[in-house]
Amino acid sequence: KPLRTEIDLAAEFEADRRGGPRPFLAITGTDGKTTVTTLVTAIMNASGWRAEDVGNTDLPLITAIKSSAALNT
């Protein structure tokens with residue numbers, strides 16, 4: 001059986017989304033991911049983009065993608 005990550009599943013859900021997939025931005029590393037994620041989300045929202053910090057926060061990526069309220073474009 002193939003092993004798939006949460007990002008793989010999210011990409012599959014997004015590929016089937018009416019209106020097409022939305023862009024993802026992933027932040028990886030050992031230390032400071034939550035801080036950087038929060039900062040990047042604030043910068044994107046201040047720049048006029050609609051961004052949510054998910055994954056390494058209280059909101060899992062798959063939950064955000066499946067939710068009708070989260071990450072709407």
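Good morning. Apart from neighbours within four places in sequence, asparagine 56 is in contact with Lys33 and Thr34, where contact means heavy atoms within 4.5 Å.

A word on the source. This is a predicted model, in which local features need pLDDT of at least 70 and side-chain atom pairs count only at pLDDT 80 or more, while totals for chains, interfaces and linings use all residues. Residues are numbered from 1 along each chain as its sequence is written, and side-chain values use heavy atoms, leaving out hydrogens and water.

Asparagine 56 sits in the loop between helix 2 (33-46) and helix 3 (61-66). Helices here are DSSP runs of H or I with at least four residues, strands are runs of E with at least two, and both are numbered from the N terminus. With a relative accessible area of 45%, asparagine 56 is partly exposed; buried means under 20%, exposed over 50%, and partly exposed in between, using a 1.4 Å probe and protein chains only.

Turning to the whole chain, there are three helices and zero strands, in the pattern α-α-α along the sequence. Along the principal axes, the C-alpha atoms fill a box of roughly 35 × 30 × 15 Å. Of the 73 residues, 19% are buried. Among contacts with a separation of 6 or more, 36% join residues 24 or more positions apart.

Thank you.
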